[in-house]
Structure formats: structure tokens, C-alpha cells
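Me: I would like to learn how to read a model from its backbone up. Please take me through it feature by feature.

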Amino acid sequence: MSALIVVFFPIFFSFLLYVITEKTNIARFVALTLFLGMFGESIFLYFHLPQSGFMSLGHFLEIDYFDFTLTFAVDKLSVIMLVLTSILLLLVTLSSWHIEKSSAYFSLLVFFSGAIFGVFMSTNLLWFFIFWELTLIPMYFLIGIWGAEERVYAAVKFFLYTHVASMLILLAFFLLHKQSGTFDMTLIKESVLVTPALIWWLLFVGFAVKMPLFPFHTWLPDAHVQAPAPVSVLLAGVLLKMGAYAMIRMVLLMLPHQAQKYVWILLLLGVISLVYSAFMALYETHLKKMVAYSSISHMGLVAIAMATLSYDGLSSAVYEMIGHAFIIAPLFLIAGFFHHKTGSWQMQEMGGIMQKAPYISLIFIIAGLGALGFPATMGFVGEISILISSIEKYGLWLIVVAFTSMLSASYIIWTFRRVIYGSMSILVEKTDFSISKMEFFALIIFTFFIIVFGVYPQALFSIINDTFSSYTSLGGGV
Amino acid sequence: MSPFTFLFGMALLSFAITNVAILKRVAIWSFIGSIVLVIFGFTTPLYTFSASEGVLLFEIIVFIVLGAIVLSEDETITITQTLFIASASILLLESTTLLSFIVSFELMSILSFILVSNIHNAKEAEGAIKMFIAGSVATAILFLGATLYIFSQNSLDSAIAEHLNGFGIVGVCLMLVALFYKLTIVPMHTWAADSYVELRPLEAGLLSGVVKTVVLVATFKFFSAFVLENISFTSPIFITLALITMSLGNILALFQKRVTKILAYSSIAHAGYMLLGFVAVASTYASDGVLYMAIAYIFMQSAVFVLLDKLSFGKGDILLIDLYAFAKKDKWSALFLSVQLFSLAGIPLLAGFLAKAVMVYAVVDAGFTIVALITLLNSALSVGYYAWIIKHIYFDTQESSYLFEKLTKPSYITQIILVLGTLYFGVFATTILGITL
């Protein structure tokens, strides 16, 4: 029952929240409390999980016909995503503490939280899809209302692009149901399918758009750049992770034999995404676009790790997913903060911010170092573990990952040079860089995670490794 | 007493009532009464009519929707017409023989003509004439088909036979063509694109929401056995018609500037989705798909048209640019409109999504994967114009000068009932799935 509440209460309550708090400023407190509750629920679920496999959280709307039963069940992988999501939701709430039209904003955030929990908790594919699509609605409004100048274009493009991809996923789910007789993702693995290759490709393309992998990534830079900074954090930290989660859960683990056969395409697109986006980031002078491309580049890294189909690779993919969320979030928030204060996105118009806002600059530098894979940050652990596991599986040519790391070092350090250091630009000189306590607090927490899990990655790996231990016995090398 | 006799009697009685407030009460209680009669198992006592579980459920839904519409309606003639339409719906849905089907279909047609003959201006007259002429042509074709069929079968007093000779098949096909006029299947759709825009939105809502879905369910119920028997030659025809209808509807909707015109083309596109029931007739899910589509559509389409009717009452067409920053002017209407538009677009947790999902699943189940893919991509394309309307409502900051009417309290109740219907059937699919049609 608690699963039903944690998913549906926020979705329906969000409308009420908007109505009640419309003229006041208290929606943010309600949202914060609710997200704290959801965080508590995730932690509670973590401590009650069985050693391996799924823990059922109930069946609702039971009907055999069409298998429409709403089934909630979680395993370690989904609980990790739940914990990550609830932490990000909390920090996003803090980061947008002083946002305008706060009642509508936090109501949408609350709506989003229910939908995203539904994605990670439901094991019925049809309901998974329902929640998956439902996340689009709040995002559409969050980008379209609170975004920058080109927000409408970005919002509509985001909606349409990802919706088209979802249609492929839905078709794949229907084919799965027709051929296996069930929508239950935990049972499909055992079934013999008639057209497994077609299903695999439909799912792969559908999820590759959300991750996003080259060449399906074009919606993301627009959405990222136009979205308000906290929403960019949600996009990068939650929505892309949703794509990666589904890729692991369905494309790799649910259809292991097809994954084995076609995994080269995941590897190939991962490598292209990694290198291409790194070059694009190097080329960009638009601060937030640079961060967006860096984000896509890191998701390429996650794809490479997944493509190893090995225990080590999948573990490092999940580690990198978490690392990426914590690293990219402060970069987006600070990029948004700089734009909010200076009114410019262009790096050449900034410079010398260190002298005016040393603490924020320091956090930007730490997160940047994380992004380029500097030791003692989460970025380093992620990159090195992915490098090792991928070279182990595919040979030395994947040293390209290390070379791309140099590319990311170039664009990040060059960004430091242009934005943080150097002589102070006129624009920066006349700007006041004061930041609210809440926003600063959120940034500190992000930095804390980047360093703590960078220095002591075992804390995370011990959880993540458990996630895949039950899959080692499966066919297909996973 | 059967629900038909009761409703028809109340409809005749309502002619004598001139006071709107009393008439409204009578109509609403008539609908409630018929729902009770249906629930307690009273059926039309003639042997040419019989109702399955699915039909009874759909009848209840039709009464609820019409009741909700009447709640906020102030024209006596329209209220009386809704009672007549409801009674004709019962007959059409429950018909089991060709004679009863043709008679009830014609009754429904004539009632629709009377509905649109309530003309206030030249534009509505044009819409009504277009609809009347198209309807008459359809009737003529229906009779031609029926004549050929009777010529081959020597019987009016039975359901469509499964094994037919050449004349019989041509006859049934002609009858289907006539019915497709009402369902606005391309190329029999041209009248609808104009009439839905020119008529009063409420009338367009009744025609495209209620009458169309009733005809859909009745046609599917009556002809599905024939279609299944002749699947080898019917399926390519239905696939072509369905795909052309949905694609053309969606593409043309993208270029429209008037909101009602967008909805008219969206209605044509939905006719394409509805026709998929005939494509997938070999699947057991086809009847679920048709029933779900009808139930979802009757809520969404009626709600949108009734809302537009109330907002623009006596003010003329609403253009897309008139909806700029509409959410600032009237946040509740904006919310009602957006929810129904999202449902029409097929966004989950709303009835429109599950209706499409079950229908497309039936198509996949029947083995037409490519058709399913094209349908889903069409659905994604349709999001383009629905999301665009919502974009104007919420994202644009420049307010338009159009003075929208404020919703009255009964209008709010109407909209709430219709939104609840959309939400309920967006989650509780168990009410519909597996029911026999």
C-alpha cells in the first residue's frame, strides 16, 4: 500500500497543492517535506530488501486479461535509483527555493516525483510506460514556463522528440506481451520470443533517445540550455538516468541473448557520443551548452560501461550514473547562477569571477575537476573503473576513453580559465554575486558527495555490486 | 419499462415543457432513471433488440455524458434533442437484425438533422446544410446497399449473414460506406471538417462525441462477424482507410488556425484510430479496443466542444491566437481544456491513452505490426498540435483581446463530471477490459 501512496499521492495531490498554496509561498515547504518522506521511504525500502531479486510491494487493479495489473516491486537497482532521485529532488527544491510562481513550480515538481517513483517501482511494463510518459508533462511545463528565451521551442521539441521515441518502446512492449503473454518484466526473461531482435532494436532506439546517445541526442542541448538550472539538474540527474536504468533493466538484462548479439551498437554509439560531445563541448562558448555536451559525453561513458555486459562494467556504469548526477548538477546550477547574475551565457564575456565569488567558484572548480576525472572525485573512480572494465572486455583500442578524458580536461580547464580566472571582465565587475543560503547549502551537499564517494567509493560500490550479483549466473555473461 | 420507452416518453413529454429550469430537471432525472433501469436489467422487449454487457455499460456512459451536457445547457430544443438522441442510441446499440439496425440508424440520422436545424446564423445554416446533404447521400447509399443485400438474402429479419454471394458482399460494403459517412472516414469526411466548425460547438460535440461513438459501437457490433469472415479482402481496405484517415486528419490539423477546425480534424484522425477495430477484428481485443475508444472519446470530445461552446457563446470562432495566455484569464477552464487535450493526445493516466493502447494492442495481436507502428507515430504527430494549443494557453505571456465568457456553476459541474470520466477510465481499465460487446 505504501508504494501506491508514494506514487499516486504526489500525482493527485499536486493539483490540490497548487490550489491551496497559489497565493502563498508555502508550497516549497510542503514539497520539501514530501520529498523528505520519499527519501525516508527509499531508505526504508533499501534496508528491507532481500539479498537478491525483487521485493514485491503489492498488486493493484488485478486483471489477468491484458495483464493490466499494477505491480510494484523493487530490487537493489531500483532502490538505488529511488534514493538518488529523492536526494536530487530535495536538493533541487533547495536550489529553487526563491523561484517565482513557486506554487505552480513546486506542484509540478511534486507531480514529477510521483511519476518518476512509479517508473522505478513498477515491474509491469504497461504501467512502467504510463509513468515513463507521465514524467513528460511536468517537464514540458517546467521548461516551457520557467525556461530562458527559446523555452517554448525547447519544451515542444523535448516533448515531441521523446514522445516519438516512447511510441517505439510501447510497440516493443506490446510485441513482448503478445509473444510472452505477460507484461511482467521479471517473467519475460524466461519466455521464448518470436521476434526478439525486432523488440530489442525498438527498445534500444527508444531508450537511446532518453539517455541520450548520438545521433538521438539533439533534443537535449536545447532542453538543457533553455530549462531553468534546477530543472536541468532534474533532466541530467533523473531523466537521463531513467533512460540508462531502462537500458540496463530491459535492453540488457531482460533480453540477455539479444544484448549479447547486438551490444556492439551500444558500444559504438557510446564511443561516438563520448568523443563527439567532448569535441562539441570544446567548441562551445556558451557556458551551459558546454556543460550539456559534457553531460552527453559522460552518458556515452555510461553506455560504454554497459556495453561490456560484465559484472564490473555494469557496476561501474551505475557508479558513473550516480557520479554524473552529483557532478553535473552543481555545474548546471552554477552556470545558471552566473547567467542569472551577469545576464550572459558567453564565456568570453565572463572572467575573473573567482575574485568576486570565491566560494561558488571553488565549488565550480571541484565539480569541474570531477567532470574531467580528477583523482579523489567521483569522476575519477567512475572513469578509471569504466576504462579498466571496457579494456578488459574489448581490448586496448578503448584507450580512446582515456584520450577523451584529456579532451574533457581541455574544455573544463579552458572554461576555468575563461570564466573563473583571468582578468575580471567589465560585466563581472559590475555584477553582484550574492547567493541565497539555501542554494549555497545545496551546492555544498553536492560537493560533499563528489568528494566523499570519490575518496571512499567502496561505500557506493558495496551497494552497487550487490545489485548485479544475482545476475552473474545468467546466460549472456551478465 | 424499458429504458428506451421511458426516455422516448420523457422526450415526447418534454415538448410540453417550456420552462428551461424544469425541463433541465426532467431531462437529468430521466437520464438518472434510465441508468437505474439499465442497471436493474430492464431491456427493450422486442426480439430484434438485445443488449450485451458492453452495450449496457456504454449506454450508461452515454446517459452520464448527455446528462452532464444538459446540466449546463439553456436551450430547450437542445435539451429535448439530447433525450431523443439517447433513446435512439439505445435502439441502435441494441439492434440485432438488419431492419431494426436500419430503422434505428435512420432515426438517429433524422434526430441529428433536427438537432442541427436549430439555426442562429448563416454560418450555422451552412454547416447544417452540409451535414444534411452528406447525411442524405449516406442514407441513399445505405438503402442501396440494404436493397442489394436483401435481394441476395431474401431476409431483413436477421443479422448480417457470414456467408454471402457477390450481391450480398457488395450490399454490405455499400452499407459500410454509408456508415463511414457518419464516422467521418476519409474520403467520406469532407462534410465533417466544415460542419463541426460551422455548427454551434455544442451540437458539433454531440455529433462528433456522442452520435459518432454510438454509430461506431453499433456498426462494429453489427458488422464485425461479416468483416471477420471476409478478412482476406476486408483487411487491406480497412488498413488503407484507417491509415489514410488518421494521417490526413493529423497532418491537416497541424496547419489550422481555428481551434474548432483543429478539433474537427482531430476528430477525423480519431475516426482512423476507431477503424482499427475492424482491422484487428481477428483479435479478441478488438471489441475491447472499440468499446474503450468509444467510451474515452465520448468524454474527451464532448468535454472539449462543450467547453468551447460555453467560452465562446455568441462570440464567434476561437482562433489559436485567442488562446494566448488563456491560463491567466481563466485557470480552471484552461485546466479542463488541457486535461482533455492531453487525453486526446494519448497521454497516460487519461482515458485517451488506454483507449489507444488497447486498440493498438489489438492491431499488434492481429499481426499487423507495421500498422501499429504507423498508428503510434501518428499519435505522436498529433501531440504536435495538442501540445501547441496547450503551449498557447500556458506559455505565451501576451494576453489576447478575446473576451471569453465566464463559466457558470453548472458548466463547472459538467466539466468536472467529464474530467472525472476521463481520469477514471484512464486508470480503471478493469471496468471495460474483457467485457463482451
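Reply: We go from ground rules to overall shape, then to one helix, the chain contact and some backbone details.

Me: What are the ground rules on numbering and confidence?

Reply: Residues are numbered from 1 along each chain as its sequence is written, while chains are lettered from A and ligands numbered from 1 in the order in which they are written. This is a predicted model: local features need pLDDT of at least 70, side-chain atom pairs count only at pLDDT 80 or more, and totals for chains, interfaces and linings use all residues.

Me: How many helices and strands does chain A have?

Reply: Start with the term. Helices are DSSP runs of H or I with at least four residues, strands are runs of E with at least two, and both are numbered from the N terminus. Chain A comes to 21 helices and 2 strands.

Me: What does the radius of gyration say about chain A?

Reply: The radius is taken over C-alpha atoms, and the globule rule is 2.2 Å times the number of residues to the power 0.38. For 478 residues, a compact globule would have a radius near 23 Å; chain A has 21 Å, which agrees. Along its principal axes, the C-alpha trace of chain A spans about 65 × 60 × 40 Å.

Me: What share of chain A counts as buried?

Reply: Count C-beta atoms, placed from the backbone, within 10 Å of a residue's own: 20 or more others is buried, 12 or fewer is exposed, and in between is partly exposed. Of the 478 residues of chain A, 60% count as buried.

Me: What part of the contacts in chain A comes from residues 24 or more positions apart?

Reply: Two residues are in contact if their C-beta atoms, placed from the backbone, lie within 7 Å. Among contacts in chain A with a separation of 6 or more, 80% join residues 24 or more positions apart.

Me: Which residues make the contact between the chains?

Reply: It takes 28 residues from chain B and 24 from chain A. On the chain B side, α16(B) gives the most, with 13 residues. By class, that side has 21 nonpolar, 5 polar and 2 charged residues. Ala, Val, Leu, Ile, Met, Phe, Trp, Tyr, Cys and Pro count as nonpolar, Asp, Glu, Lys and Arg as charged, and the others, Gly among them, as polar.

Me: Is L309(A) buried or exposed?

Reply: L309(A) is buried, with 20 other C-beta atoms within 10 Å. Its phi is near 55°, a positive value in a residue other than glycine. A376(A) also has a positive phi, about 75°, but A376(A) is partly exposed, with 14 other C-beta atoms within 10 Å.
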